[in-house]
Structures are given as C-alpha cells and as structure tokens.
Amino acid sequence: MVHSATSLEAAHASIRVLIGEKLRYLVPMTVIFMTCYVGLTVLAAFAKDFVGAKIIGSVNLGFVLIAFNYALSWGLAVAYGLIAQNKFDPLAARAAASRDAESVK
Amino acid sequence: MNITLEIFAVILLITIGITYWAARRTATTSDFYAADSGLTAAQNGFALAGDWASAAAFLGFSGLTALYGMDGAFYALGPLVAFCTVLFLIAEPMRNTGKYTLGDIVRTRMQTRTSLLAVIAGTVIVNFAYLMPQMAGAGVLVRLLTGISYDWAVIFVGISMIVYVAFGGMLATTWVQIVKAVFMMTAGAIILVMILSMVKFNPLLIFQEAESKYTASYLLPGNYLKNPFDQISLGLGYVLGLAGLPHVMTRFYTVPDARTARRSVVWVMFLAGVFFACTTIFGLAAANFVGQDAIRAADKGGNLALPLLAQYLGGGKGSFGGDLMLGFVAAVAVATILAVVSALTLSTSSAIAHDFYVNWLKGGRVDGKREVWVARVASVAIGLLAIALGILAQGVNVAVLVILAICVAASANFPVLVLSLFWRRFNTGGVIGGMTLGLVSSVALAMIGPAMRGADAWWPLVNPTIVSLPLGFLGCVLGTLLAGRDFDNEKRFDAFLFRVHTGVEPK
C-alpha cells in the first residue's frame with residue numbers, strides 16, 4: 001500500500017465524476033416531480049375552479065393531473081432505473097476498481 | 001360474520017407457519033435485523049408494499065374518496081410520489097452506508113455517542129407515534145368486523161406481532177408482509193374487475209354517476225382538507241416523511257446491494273402505486289353503489305367503505321357471495337395491521353438493542369448471540385407496552401398521533417438523514433439541533449392544532465409539516481454552525497462519501 005495517498009486521490013477523483021453525473025440527472029428529475037406534485041397540491045388548494053374544469057365527461061382537470069402524477073412517478077422510476085444501471089453503476093464500479101487496483105501495488 | 005374469522009384463521013395459520021420456518025433460520029444479528037440481506041428485488045418490493053400500505057391506505061383512502069371525493073385521491077397519490085424521494089436520494093446510499101438501523105448511518109458519519117442518541121430518540125418516537133394508532137385502529141376494526149371486544153382485539157394483535165418478531169425476526173416479518181401484500185392485491189384485483197364489469201369496462205361512467213348522484217362539487221378538492229395550506233402540508237409530509245420512517249427504510253438492509261435496493265423501489269412503486277390508484281376507483285364506486293349514508297352509518301370516518309363495497313359486489317348482505325367478499329376484505333384488513341405493527345416492533349427493537357444497548361451503552365463490544373437475545377427481549381417488551389398503550393388509547397383521539405408520526409419523520413429524521421449523507425460540514429451539533437427543533441415544533445404545533453384541540457385550536461393547520469420541516473432543516477444548520485467545525489469529521493467525509501456511492505471503503 002505504498003501508493004495509498006495517490007490511490008485515495010484517484011478513487012476520490014472518480015467519485016467526483018460519479019457525483020457530477022448523478023447531479024446532472026437527479027437534480028432535474030427531482031425538480032420535475034416536486035414541481036408537478038407540489039404544484040398540483042397548490043392548484044388544488046388555491047385554484048379550485050381551474051382544477052374543476054371538465055376534461056372528459058365528468059372527469060375534471062384535477063383527476064387528470066392526479067393520473068398524470070401517477071404516470072410521471074412510474075416513468076421517472078423506470079428512467080432512473082435505466083440511467084443508474086447504464087451510467088452510475090459502471091462509474092461506481094470503476095471507482096471501486098481503481099481503489100483496489102492501486103492499493104494492491 | 002363467521003366467515004371473516006374463518007378466512008382470517010387461514011391467514012393466521014400461514015403466518016404462524018412462516019414464523020416457525022423463519023425462527024429456525026434466525027440465529028445471527030444479520031438474520032434477525034435484516035433477513036441476512038438475502039432477499040431479491042421482487043421479494044423486497046412486495047414486502048415494502050405490505051409494509052407501507054397500512055390500514056389507513058387499505059381502508060382509509062377508499063373511505064375518504066367515498067365521502068369526500070378528490071381529497072381522498074390526493075391522500076392516495078402522496079405515498080407513491082414519496083418513493084421518488086426515496087429512490088433518488090435515500091435507498092441506495094442507505095444500503096451502501098448502514099447495516100441494520102437509521103442510527104447506523106449517523107453513527108458511521110459522526111462517530112459520536114450523542115448524535116446516535118438523538119437518532120434513537122427520533123426512531124423510537126416516530127415508531128411509537130405510528131404504532132399506537134395502529135393498535136387502537138386494530139381494536140376498533142376487529143371489533144367492527146368480528147364482534148370481538150376492543151381490549152381482546154388489541155391483545156390478540158399485540159401477541160401475534162410479538163410472536164412474529166421475537167421468534168422470526170426480519171425473515172418472518174418480511175414474509176408476513178409479502179403474504180399480506182399478495183392478499184391485498186388479490187382482493188383489489190377482484191374488486192376492480194367486478195366494478196369494471198358493472199360499468200361495462202368504462203371507468204368514465206363511475207365519475208359520471210358520482211357526479212349525477214352527489215353533484216359536481218363532490219369531485220372538487222377541499223371537501224375534506226378545508227384549509228388550503230393543509231393540502232400542501234400533507235403533500236410535503238408524505239413526500240419527504242416516508243424517507244424518515246425507520247420501519248420502512250430498514251427494509252433496504254434486507255437486500256444484498258444498492259442495485260437490488262433500487263430495483264425493489266421500482267417494484268413497490270408499481271405494486272403499491274397501482275393499488276393506491278385503484279382505491280380512488282373503489283371509493284367512487286362505493287359512493288355510487290353503497291351510498292355515502294350507508295357508509296357513514298357503518299363508520300363515521302368511512303373506513304368500512306371498501307368492506308361494504310365488497311359485500312355489495314359479492315351479492316349484497318345475507319348472500320353467500322356478499323358474506324364471502326366481506327369476510328375476505330375484512331380478513332385482509334386485519335392482516336394488513338399485523339404486517340405493519342410487526343415492522344414497527346422490529347424496527348423499534350433494533351433501535352433499542354443495536355443502537356442503544358450495543359452501540360451506545362456498550363460501545364459495540366457485545367457478541368452477536370447476546371445482541372440477538374437482547375433484541376428478542378426488547379421486542380417482547382415493546383409489544384407488551386404497545387398492547388398497554390393500545391388499550392389505554394380506547395376512545396382517546398389518536399388522530400393527532402398519526403399526523404405526528406409522519407410529521408416528525410419529515411421534520412426531524414429526514415433532514416438529519418439527508419444532511420448526514422450529503423453535507424460535509426454537518427456535525428453532531430447539527431444532528432441535535434435538527435432533531436430537537438424538528439421534533440419540538442412538530443409536537444407543539446400538532447398539540448395546539450385542530451387535530452388535538454378541535455374548534456378552539458390556537459393554530460389553524462392539522463398537519464404542521466409545512467412549518468416544522470423548514471424548522472428541522474434550520475435546526476440542523478444552526479446546530480452545525482453553533483457547534484463549530486468538526487475537522488476530523490470533515491476529513492472523514494471523503495471516505496464516507498465513497499462508501500455512500502459505492503458501498504465499499506476507500507482503503
């Protein structure tokens with residue numbers, strides 16, 4: 001473990017890359033679901049007439065937006081699963097590997 | 001209603017069989033607290049669904065929708081959206097960092113005994129605030145459904161959960177939750193198909209009939225939550241509170257790695273989410289077919305809307321099909337309570353045995369065999385205490401406790417957890433500041449609010465999260481700044497962060 005200082009540096013550098021990548025996806029995704037959900041509660045709280053506008057038959061905009069929030073949550077969950085598998089997991093594995101490779105020396 | 005008891009006896013036999021099987025596989029601490037981290041994503045997803053969907057979800061959402069229209073649908077949506085927060089921020093870091101409890105994460109990060117004590121307090125308070133109304137609800141529900149007296153119902157539920165947890169630990173608790181989730185979703189699927197077949201598979205007709213029967217205002221928001229800020233506060237409480245509920249979050253320790261934890265969240269979002277969405281249909285259908293008056297006559301809060309709907313769909317009162325459907329739904333409701341109270345008992349006993357006894361009192365120097373023994377004894381003691389509190393709670397207004405559980409989870413546990421995972425400067429002072437301010441403001445505001453004081457409340461909101469959550473975060477920041485910088489802790493943060501994101505230590 002002669003190179004422990006440099007291996008630590010390499011490992012932390014690769015973690016910073018991973019965190020940067022996570023922020024790039026998770027910040028917008030979090031903003032989207034929070035805006036849509038909190039936005040819906042704000043509308044329901046302060047714009048009753050707007051939410052009560054009929055869309056299809058007796059179904060009003062409020063119920064349509066609720067259904068949209070269900071679909072959005074599921075969509076984001078699946079998207080996150082794919083992004084994490086394709087982007088985050090390889091980076092995390094590389095960080096762990098760089099640590100192992102360096103510390104063996 | 002003998003058929004309820006018969007169906008429930010079958011479910012009870014299954015769960016006792018599970019406990020017997022699990023008890024023989026539960027020896028080490030890892031077995032007891034985390035089912036040896038050996039579950040698959042699908043198994044944990046079903047267990048999470050069984051864990052998170054309490055009787056309030058199974059019966060309450062349909063009932064609220066039946067009586068108050070859209071507000072019930074809001075109640076059902078929040079618990080699904082909450083899993084977005086958990087998926088993006090909490091599930092994987094938690095699996096990577098901790099071992100058995102929420103306390104593990106803060107202890108690993110801060111390495112101070114005081115911060116651990118603060119998290120133990122947060123865990124125990126949230127769990128008991130959640131557990132007591134569940135016990136009281138069990139008493140009322142079992143009495144309504146089977147005619148057994150309130151006290152005996154509470155004792156029966158309490159003893160069942162003690163047996164599951166003390167003997168079978170996490171493995172038994174998990175499979176009780178899985179069985180319950182399967183029964184719950186089977187019941188939901190049958191009811192959904194029967195409703196749809198009655199409206200020629202056109203759900204729009206359900207809305208149309210609801211409107212013609214109860215006017216368009218029934219389908220508007222604000223029938224239940226009169227104060228607009230309560231609407232927002234409730235949403236916030238759900239979406240951030242779930243991540244601070246120890247009995248749900250410790251489920252992520254039952255899977256081997258972060259990837260499986262993530263996939264189990266996706267599972268629960270579809271399993272529980274579809275069920276939550278269906279409760280809106282069930283509620284409207286109950287209002288249409290059974291009628292609000294009949295629902296109110298059976299239970300003021302609307303909690304019997306779903307059982308009554310099932311009875312109607314099966315052929316009505318007195319018919320064999322009606323009795324069978326009612327019995328099935330009622331039995332599933334009792335199983336639901338059992339699954340949730342078991343998880344609460346287990347997570348509280350982990351906090352007492354693992355966090356308090358082993359890590360706080362004994363500095364980690366306790367062998368595994370003794371730790372499991374302490375945890376089993378703790379679960380028996382917690383169960384007995386829950387029975388006593390449940391019996392005392394008869395006739396007492398426990399609504400305030402339901403709000404407190406989720407509010408404290410969002411305002412105290414969530415800020416501390418999130419900042420522990422992601423903020424370099426965060427220190428022991430911050431943990432104490434956040435816990436204290438989050439806890440005190442939640443309790444104080446709930447106590448002076450309408451849930452406790454009714455019409456002469458000094459504070460207008462039923463759910464205080466919209467104020468107490470920012471206060472919790474403020475407490476974290478102020479505590480951190482006042483305590484001064486903890487440079488050792490900040491130096492360790494890089495290594496901690498490595499573990500948060502990869503699950504391994506940087507050597």
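The contact between the two chains takes 44 residues from chain A and 40 residues from chain B, where two residues are in contact if their C-beta atoms, placed from the backbone, lie within 7 Å. This is a predicted model, in which local features need pLDDT of at least 70, side-chain atom pairs count only at pLDDT 80 or more, and totals for chains, interfaces and linings use all residues. Residues are numbered from 1 along each chain as its sequence is written, while chains are lettered from A and ligands numbered from 1 in the order in which they are written.

**Where chain B touches chain A**

- On chain B, the elements giving two or more residues to this side are H5, helix H9 (204-214), H10, helix H12 (258-289) and helix H21 (487-502); helices here are DSSP runs of H or I with at least four residues, strands are E runs of at least two, and both are numbered from the N terminus.
- H5(B) gives the largest share of that side, nine residues.
- By residue type, the side of chain B that touches chain A has 27 nonpolar, seven polar and six charged residues. Ala, Val, Leu, Ile, Met, Phe, Trp, Tyr, Cys and Pro count as nonpolar, Asp, Glu, Lys and Arg as charged, and the others, Gly among them, as polar.

**H5 against H10 in chain B**

- Helix H5 (residues 70-97) of chain B packs on helix H10 (residues 228-241) of chain B at an angle of about 45 degrees, with the axes 7 Å apart.
- H5(B) and H10(B) are therefore oblique to each other, since angles under 35 degrees count as roughly parallel, over 145 as roughly antiparallel, 65 to 115 as roughly perpendicular and the rest as oblique.
- H5(B) contributes Gly78(B), Pro79(B), Val81(B), Ala82(B) and Thr85(B) to the contact, and H10(B) contributes Leu234(B), Gly235(B), Tyr238(B), Val239(B) and Leu240(B).
- Seven of these contact residues are nonpolar, three are polar and none is charged.

**The largest nonpolar core**

- Ala286(B) and Leu309(B) touch the most other members of this 223-residue core, a set of buried Ala, Val, Leu, Ile, Met, Phe, Trp, Tyr and Cys residues joined through C-beta atoms within 7 Å.
- Helix H8 (residues 150-198) of chain B supplies the largest share of the core, 24 residues.
- Beyond its neighbours within four places in sequence, Leu309(B) is in contact with Ile191(B), Phe282(B), Ala285(B), Ala286(B), Phe289(B) and Val290(B).

**Chain A in outline**

- Chain A has three helices and two strands, running α-α-β-β-α from the N terminus on.
- Of its 105 residues, 29% count as buried, meaning that 20 or more other C-beta atoms lie within 10 Å of a residue's own.

Technical notes. Buried ≥ 20, exposed ≤ 12 C-beta atoms within 10 Å, placed from the backbone. Axes fitted to C-alpha atoms, helices over the stretch in contact; angles between N-to-C directions.
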